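Subject: Structure for you to look at

Hello,

Here is the structure I promised to pass on. Please open it first, then read my notes below with the model on screen.

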Amino acid sequence: MSQAKVPAWVSVGLIPLMNILLAFFVSGLVFLAIGEDPIEAAGYLIYGAFGYDEGIGYTLYYATNLIFTGLAVSIAFKAGLFNIGGEGQAYIGGLGVGLLCLWFDSSLPLLVIAPLAIIGGALFGAAWAYIPAYLQARRGSHIVITTIMFNFIASSLMVYLMVNWLKEEGVMSPISRTFEESAWLPYMHDVFAPFGLDIGDSPLNLAFVLALFCCVFYWALVWHTRWGYQLRTVGTNPTAAQYAGIDNAKVTIWVMLISGGFAGLVGVNEIMGVNHNLLLNFTAGYGFAGIAVALMGRNHPIGIILAAILFGALYQGGAELAFEIPTITPEIVVVIQGLVILFSGALENMFKGKIEGLFLRRAVA
Amino acid sequence: MTPRTHPYSIELKGISKRFGTVQANKNIDLQVPAGTIHGIIGENGAGKSTLMSIIYGFYEADAGSISIDGQLVSIRNSQDAIKVGIGMVHQHFMLVENFSVLENVILGAEGGAVLKQGMDAARQELKRLEQEYSLDIDVDAIVEDLPVGLQQRVEILKALYRGAKILILDEPTGVLTPQEADHLFRILKSLKDQGVTVILITHKLREILASTDNVSVMRQGEMVAHRETVNTDKEELAELMVGKKVRLKVDKNEAEPQQTLLSARELSYFDSQGVERLKKVSFDLKAGEILGIAGVSGNGQSELLNVLSGITPMASGEIQFAGQTITANAPKNAAQMRDLKMAHVPEDRHKMGLVTGFEAYEAAVLGYHDSEAYNGKVLMKRKAMLDECNERMAAWDVRPPNPHLKTANFSGGNQQKIVIAREVEQNPEVLLIGQPTRGVDIGAIENIHEQIVKLRDAGKAILLVSVELDEIMALSDRIIVMFDGAVVGEVAASEADERTLGLMMANAWNEGRGVQV
């Protein structure tokens, strides 16, 4: 067996970078085709995402959602499960957050509501993931199918609840009343203001800190607890797990609960941090983008943070780009995002063999 | 049938095939006369399946040539093989379970985009084939509704429909009842009468003697003998198959068996297909002895280890161990068996014994990861695990002694040392150990054998499963032989010799206790 190894910076640094560059190169061709200067467009995109305080704030706000859903997809993947249901779990998680805020916003202070809502969001997301998890573990129904179906069920359920129960009276659109300010998660710019730091007004709020905390939690859980040990055993060698006396079904159910919990925290950022009321469609595809984030992030929290920031930058810079160059419509921005997903997700192994081969040959020579 | 112009339907010259460091086939010559049934026998790993895969185009030989009816042919894939008239019936059927027999047979030979025409033509042809060879099968039946014996006939039908003049069957009776097997041999006989050449791969001597015209024996990748079936007998074939091996030397004193530590009574187990893999297996395992289980692999040894260690639940029977009675209704899982101080070195370290993606120190606690020694209140004690791994690597001479190296990057022998060290260092009362030295180099073999004997001398009980007869004979104090899921004989190690054991393993031994003939 070969003992030669590809250096870590190649597999986690160089190869993803090559994939992204290729995606940008093809995006450049798209810009040329519609008669725009790709260099100029790239300039707007990068400036929009990182060039000024508000832009950075927006980028990190988008990244917050993507970290949650990226962690959700990734931890399930550690057990060999493909959780496509992040979207629905985030939706129901948001419902949990919203309900708690609506119930307690006038009676409890923020310091009590915030932890309640965080736990509530995670529990609601977890509960939504529980049914597919149970069906997979005990009945053998394929988790990909059931989680996809549960996205649709979540969506319909939310419409029903919003229209029939949660809509504010006398309002034509399906949104709840706005929470009292005691149920608003503080914005980052408000947190920094007392210290004399002006970071520009953006939706970035304390949920970002929660997301970073979740990354640490993920890291400790997966690599430093016995449950994480069981999880990784089940994910890489289920037969060895059986041999070791690990209950595969139990691990499957628990990991999906945690996965759903991560996804549910999107609601904390969106409902409690930004919208301050319950509404429809606040998940906006973050659940699905989380799959790409997890793939690009190589199922490691550091990678997931970086990938989430990249996608956040594409969301924010893309919006800026569409604003600055009218011929570049938001749809073209979606094309760029699609290309990044295509090259770094679906085609992630395109260069892998060749580059690794190059390094292994050099190592042997 | 086309008239034969050449005496040999298939002729191999100098076929060699190497996988990495393993020479699976060495300079193989084989001549199969047209219109005969030719048996190929050999132990597991003797290279029979590799050779057949070369003929059928799954592998390409490194050297050598294949001639069909005297014509030199080049077979690069199974399409080429079908074109020159070779058909193969695999040990595991390659059928679409929810298709009908007819649909399965025309699969890959549909004859055009519209099915109807091809189907009608195929139906005619199948009716003819089926009657000609008395296959006795309903072409419209759905395959999954058919018993295994009939599914196998569908495979044969498939091969014939594609114009096979040479039919290869790989361990065809492994899944059949005796009646089904008899029917199969009648079919093979009628195929032969129609001029089809049949190659039969098996390790069952009885079948070879009952049905073939010629037989070739393989051993360790080489063709060691060709015999006309009428001029040979079981004894000669068994000896040729097993060979006169150099006896492994293990320094050990007489065993001093003491009290029974584990007793198994009438253990039965059915696999997911409903096939009975363990048939009322009973034995006692005493403190201070090594009980060897001999047998050609696939005769229930793996299932026995899995049932004893709690990995798979038994269907019926009873295990007495550590003051507990374990039955189908009161089962214990693998973790619980470990808690009762039963250790298990599985036969396949890659599939079961290790997680090859783990670093060595992580793989070194697999199964004991719940132990207090490795766990704090919340987090695992990484330092404790690493320290212990370092100690064991030094004690067991694991190379390289790097607890952070991925398990996959150790050589086979060192991986096995990691597994055995993990199990033995827990100081178990009973050690189940399967294929302890498979894929392990000579130096490590000696070391592993010494450790096993040391454990025995410390008054522990060891159940050893190995397909290496010389390993069984060198280590065991007592030997039981398994065949087709049942215990077919028991001998004291001092009285065992290769010939007797070889015959027992082929279920062809008919003197003594408890032997089925």
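Chain B is divided into two parts: domain 1 covers 8-242, and domain 2 covers 260-352 + 429-505. Bear in mind that this is a predicted model. The centres of domain 1 and domain 2 of chain B, taken over C-alpha atoms, are 33 Å apart. The two domains do touch: ten residues of domain 1 of chain B are in contact with nine residues of domain 2 of chain B. On the domain 1 side of that contact in chain B, four residues are nonpolar, two are polar and four are charged.

Now take chain B as a whole. Its secondary structure comes to 17 helices and 20 strands.

Next, the two chains together. Here 16 residues of chain A are in contact with 23 residues of chain B. Three helices of chain A each supply at least two residues to this side: H8 (207-224), H9 (226-236) and H10 (238-243). The chain A side that touches chain B has six nonpolar residues, nine polar and one charged.

Inside chain A, look at helix H13 (residues 286-296) and helix H15 (residues 330-346). Their axes come within 9 Å and cross at roughly 45 degrees. H13(A) and H15(A) are therefore oblique to each other. Their crossing is left-handed. Ala292(A), Leu295(A) and Met296(A) make the contact from H13(A), and Ile341(A), Ser344(A) and Gly345(A) make it from H15(A). Four of these residues are nonpolar, two are polar and none is charged.

Two backbone details are left. Most residues other than glycine have a negative phi, and most peptide bonds are trans. Which way does the bond from Arg399(B) to Pro400(B) go, cis or trans? This peptide bond is cis, with omega near -10 degrees. Pro400(B) sits in the loop between helix H13 (382-395) and helix H14 (412-424) of chain B. In chain A, His276(A) is not a glycine, yet it has a positive phi of about 60 degrees. His276(A) lies in the loop between helix H12 (266-275) and H13 of chain A.

Best wishes

Terms used. Residues numbered from 1 in each chain as written. Chains lettered and ligands numbered in written order. Predicted model: local features only at pLDDT ≥ 70, side-chain atom pairs only at ≥ 80, totals over all residues. Axes fitted to C-alpha atoms, helices over the stretch in contact; angles between N-to-C directions. Helix = DSSP H or I, 4+ residues; strand = E, 2+ residues; numbered from the N terminus. Parallel < 35°, antiparallel > 145°, perpendicular 65-115°, else oblique. Left-handed = near helix turned anticlockwise from the far one by under 90°. Contact = placed C-beta atoms within 7 Å. Nonpolar A, V, L, I, M, F, W, Y, C, P; charged D, E, K, R; others polar. Domains from an automatic or database assignment.
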